Amino acid sequence: MTAAYNPAELQYTETHEWIHIAGDLATIGLTDFAQEQLSDVVWVELPEPDDVCEAGQVLATVESVKAAGDVYAPVSGTVTEVNARLTESPELINSVPYASWFCRIRIADLSDLTTFLSLAEYAQSTQPG
Amino acid sequence: MTLDLLCTPLHESHLELGARMVPFAGWEMPVQYPTGPIREHHAVRSAVGLFDISHMGRLRLMGKEAGNLLQRVMTRNLDNVRPGAASYGLMTYADGTVVDDVIAVHCGSHWLLVTNGANRTKVLAWLRAHSSTRDVTISDETQATAMLAVQGPRACALLSQVLHVDLQATGRFRLWEGEYGSCPVLLTRTGYTGEDGFEIVCPAEAGPPLFHCLLDRGMAFGVQPCGLAARDSLRLEHGYPLYGHEISSAISPLEAGLGWAVSFRKSDFIGRNALLKQKLEGLPRKLVGFQMVESGMPRAQYGVFRENVWLGQVTSGNKSPTLNRFIGLALCTTAQGPLQEIDIDIRGQRRRAEVVPAPFLSHAR
């Protein structure tokens, strides 16, 4: 299992993805807040390597006992790797959300990134009211 | 207009346990506890689970003709239901579709009718509309009482200890009346999980102490408080119908595979003619069980196809925690003959599934 990313070093979207960017490689996951809202995850549909994705488009789908949720691509680019362990053990998304990366994306244009949220900003955005 | 949700007598207890509360059937109910629905599910299959089911309707029917009224509105023959016994059955409209599925408990001096939470007021109105000339008094005791379900292979041992009585002799669909502390409790050996277990009605104020006593004493039995999500996955593994899904005011009990609960030999009941006609002419639709061959989460209202021919729709679907497979029930046309291979339209993608018998869990498991 991949070691968990440190939430303080990640960036976030308002749609509850976390992003780790190293060079032109973005690693995507779902936040602890999101997994808790979803309840027990029982199925995940991942993209495939070499899939081209566009920021804001559906990248993956997560099915919990409660609901289906879409995971959106935070960046445009090409999928280089997917975490097949999630297909076998989708419950990892609940137990270790910051180790449960969905896929890595080679970012097409580093000058064309949207502004993401910091941990503090994201935490603020998930406060009730 | 705002509709205030009703709270069960156990509301505070759920919050203390960290439950996630959701609106359900007009009540605020626990959908899950921090443990999560899958582990709650396993606890019921392997040990014992404790459910607050106080949202279910509890109607008391008194008077000489209480039994006759039930016999008139229910599909099941209640003539053989003696005092101390209970029976599952359906109430149907004249067109054979379903008002509600209920459990009728013969308490000797009166009957207790347990309805779905969402159907309580509808059933009450239905009973009153059909009892105008009868010697029967119907009272709604739902909010004055609490109702718990204790379900699982260790339910009987736990409850026997808590109530200081040997419940092993109480048969399936039999009633036991006694006391908890100084409060009267009514138990039936019934449930909605497919496991052995009991459903308990007690005065509202006795609900929280009984609930906490079952949790405390239950620790030695591996007890787990369980929410609506586990209740749903448990009932689906056994193919039990859920009102609004497998049965409704648009689906007949015969279509839902509940013919065993419809008696054409008993005295006339509302819906009999329509159901008899359906039985004789053949059913246009039938409920089938299926499991996914290609993985994917089937959910209610997803379309069912075979070679691009629309067959019907999914009524309930889930990942079975026991089988670790995606399973579901679907209401499908009978025009295509017996079904074996079907496709489920999962969010725009056709996924293969095979028709299998429900209940999905074999008793030899």
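# Questions on chains A and B

Reader: Between which strands of chain B does Ala25(B) lie?
Author: Ala25(B) sits in a loop of chain B. This is a predicted model: local features need pLDDT of at least 70, side-chain atom pairs count only at pLDDT 80 or more, and totals for chains, interfaces and linings use all residues. Helices (H or I, at least four residues) and strands (E, at least two) are DSSP runs, numbered from the N terminus. The loop of Ala25(B) runs between strand E2 (20-24) and strand E3 (27-32).

Reader: Is Ala25(B) buried, partly exposed or exposed?
Author: Residues are numbered from 1 along each chain as its sequence is written, while chains are lettered from A and ligands numbered from 1 in the order in which they are written. A residue is buried if 20 or more other C-beta atoms, placed from the backbone, lie within 10 Å of its own, exposed if 12 or fewer, and partly exposed in between. Ala25(B) has 18 other C-beta atoms within 10 Å, so it is partly exposed.

Reader: What is the phi of His164(B) near?
Author: His164(B) is in the loop between helix H5 (155-163) and strand E11 (175-180) of chain B. Its C-beta neighbours inside 10 Å number 9, so His164(B) counts as exposed. His164(B) is a residue other than glycine, yet its phi is positive, near 55 degrees.

Reader: Which peptide bond is cis, with omega near 5 degrees?
Author: Look at Pro359(B), in the segment after strand E20 (349-356) of chain B. Omega is near 5 degrees for the cis bond from Ala358(B) to Pro359(B).

Reader: What is the radius of gyration of chain B?
Author: Chain B holds eight helices and 20 strands. The radius of gyration is taken over C-alpha atoms, and the globule rule is 2.2 Å times the number of residues to the power 0.38. For 365 residues the rule gives 21 Å, and chain B comes close to that, so it is as compact as a globular protein of that length: its radius is 21 Å.

Reader: What percentage of the 365 residues in chain B is buried?
Author: Along the principal axes, the C-alpha atoms of chain B fill a box of roughly 65 × 50 × 50 Å. Of the 365 residues, the buried share is 48%.

Reader: Which strand of chain B gives the most to the core?
Author: A nonpolar core is a set of buried Ala, Val, Leu, Ile, Met, Phe, Trp, Tyr and Cys residues joined through C-beta atoms within 7 Å. The largest one has 124 residues, and Leu70(B), Ala104(B), Leu148(B), Val150(B) and Ile200(B) touch the most other members. Six residues of this core come from the strand that gives the most, E18 (residues 325-333).

Reader: Which residues does Leu70(B) touch, not counting residues up to four places away in sequence?
Author: Leu70(B) is among the buried residues of helix H3 (residues 66-73) of chain B. Two residues are in contact if their C-beta atoms, placed from the backbone, lie within 7 Å. The buried residues of H3(B) pack against several elements, including strand E5 (57-62) and helix H4 (120-129). Beyond four places in sequence, Leu70(B) touches Leu61(B), Leu78(B), Ala104(B) and Trp111(B).

Reader: Within what arc do the buried residues of H6(B) fall?
Author: In H6(B), the buried residues are Gly207(B), Leu210(B), Phe211(B), Leu214(B) and Gly218(B). An α-helix has 3.6 residues a turn, so residues three or four places apart point the same way. The arc is that of the directions from the helix axis to the C-beta atoms. Seen down the axis of H6(B), the buried residues line one face of the helix, because they fall within an arc of 105 degrees.

Reader: What radius of gyration does chain A have?
Author: Four helices and nine strands make up the secondary structure of chain A. Its C-alpha atoms fill a box of roughly 35 × 35 × 25 Å, taken along the principal axes. A compact globule of 129 residues would be near 14 Å, which agrees with the value for chain A, 14 Å.

Reader: How many residues of chain B are in contact with chain A?
Author: Helix H2 (37-46), helix H7 (228-237) and strand E17 (309-320) of chain B each give two or more residues to the side that touches chain A. Chain A has eight residues in this contact, and chain B has 12.
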